[in-house]
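Take a walk through this structure, one stop at a time. Keep the 3D view open as you read.

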Amino acid sequence: MLELTGITAGYDRRDPVVRDVSLSVGHGEAVGLLGPSGCGKSTLARVAALLHRPDAGTMTLDGTVVRGWRHRAPQEQRTTVGVVFQQPRLSADPRLSLRELIAQPLRATGRRREVPGRVAELSSLVGLSAELLERRPHAVSDGQLQRACLARALVLRPKLLICDEMTAMLDASTTAALVAVVEAYRTESGAALLAVGHDRVLLERWCDRTVRWGERSVERVPVG
Ligand SMILES: Nc1ncnc2c1ncn2[C@@H]1O[C@H](COP(=O)(O)OP(=O)(O)OP(=O)(O)O)[C@@H](O)[C@H]1O
């Protein structure tokens, strides 16, 4: 589903934070990527989510080589991947209600007619009441906003879901609820998962396999 080969990426070409990293996620597979803070996991996740162009390396998504990132990514590839970040307040437009937030990808891809049905379906899946859907991000908790961000990530039915520290700010019961939502979606759709984090116990329980930054499956990454 996802093949990253020899990826080098960062914010300064002379000193990349990700150097020559390879990682793969099979169709329907759940892979956990573990590693210490600051090693580059989020940067790699952003490359895989087509949000950050790497300086070198190749990426294949659902059998097709990726040739453009960000606004240069073809719509078909962009809609193949859904992504949820650690801090929902940084990724959610504060002007939109949770309902509009969840519907945003449908509107952006010209699928307005599906909005009422999909928003009802997903808000029920993630556990957001009709009343909460009308509120804006400042008027809901981090957990409620993260539920909306997960619903938004699933609204186009991605074949690959990337959860970058999705539950790092959340309590145990919200974490369990969101992991259950992801698993319900994966069971029904057959989607693959790349879950990034520090919580080894959670990722080992959640994923088919885990990969530690610097170990074999993330090959040729210099450690330390
Ligand atoms: N927009 C940016 N501009 C410049 N440097 C950045 C930017 N984003 C991240 N970095 C730097 O890149 C390095 C890797 O960051 P990244 O967020 O990918 O690591 P991480 O492994 O996900 O960390 P954490 O587990 O703490 O989230 C860090 O040194 C960070 O300071």
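With 19 C-beta neighbours inside 10 Å, E165 counts as partly exposed, because a residue needs 20 or more to be called buried. This, like everything here, is read from a predicted model. E165 sits in the loop between β7 and α8. Its backbone stands out too. E165 has a positive phi of about 55°, although it is not a glycine.

E165 is also one of the residues around the ligand. Who else is there? The shell includes Y11 and V17. It also includes the run G35, S37, G38, C39, G40, K41, S42 and T43. By class, this shell has three nonpolar, six polar and two charged residues.

Now move to helix α1, residues 41-48. Is α1 enclosed or open? Seven of its eight residues are buried, so α1 is largely enclosed by the rest of the structure. The buried ones are K41, T43, L44, A45, R46, V47 and A48. Two of these, K41 and T43, are among the residues around the ligand. What covers the buried residues of α1? The cover includes the strands β1 (2-9), β2 (18-25) and β3 (30-34). It also includes β4 (56-61), β7 (160-164) and β8 (192-197).

After α1 comes L50. L50 lies in the loop between α1 and β4. L50 has a positive phi of about 70°, yet it is not a glycine. Is L50 buried or exposed? L50 has 23 other C-beta atoms within 10 Å, so it is buried.

Next, look at how helices pack. Two packed helices are described by the angle between their axes and the distance between the axes. Start with α7 (residues 142-154) and α8 (residues 172-189). They pack at an angle of about 10°, with their axes 11 Å apart. So α7 is roughly parallel to α8. On the α7 side, G143, Q146, R147, L150 and L154 make the contact. They meet T174, L178, V181 and Y185 in α8. This contact has five nonpolar, three polar and one charged residues.

Helix α7 has another partner, α5 (residues 115-126). Here the angle is about 135°, and the axes are 9 Å apart. That makes α5 oblique to α7. The crossing of α5 past α7 is right-handed. L122, S123 and V126 in α5 meet R147, L150, A151 and L154 in α7. This contact divides into five nonpolar, one polar and one charged residues. R147, L150 and L154 of α7 also meet α8.

Technical notes: Residues are numbered from 1 along each chain as its sequence is written. This is a predicted model: local features need pLDDT of at least 70, side-chain atom pairs count only at pLDDT 80 or more; totals for chains, interfaces and linings use all residues. Axes are lines fitted to C-alpha atoms, for helices over the stretch in contact, and angles run from 0 to 180 degrees between N-to-C directions. Helices (H or I, at least four residues) and strands (E, at least two) are DSSP runs, numbered from the N terminus. Angles under 35 degrees count as roughly parallel, over 145 as roughly antiparallel, 65 to 115 as roughly perpendicular and the rest as oblique. Two residues are in contact if their C-beta atoms, placed from the backbone, lie within 7 Å. Ala, Val, Leu, Ile, Met, Phe, Trp, Tyr, Cys and Pro count as nonpolar, Asp, Glu, Lys and Arg as charged, and the others, Gly among them, as polar. A crossing is left-handed if the near helix is turned anticlockwise from the far one by less than a right angle, and right-handed if clockwise. A residue is near a molecule or strand if its C-beta atom, placed from the backbone, lies within 6 Å of it. A residue is buried if 20 or more other C-beta atoms lie within 10 Å of its own, exposed if 12 or fewer, and partly exposed in between; C-beta atoms are placed from the backbone.
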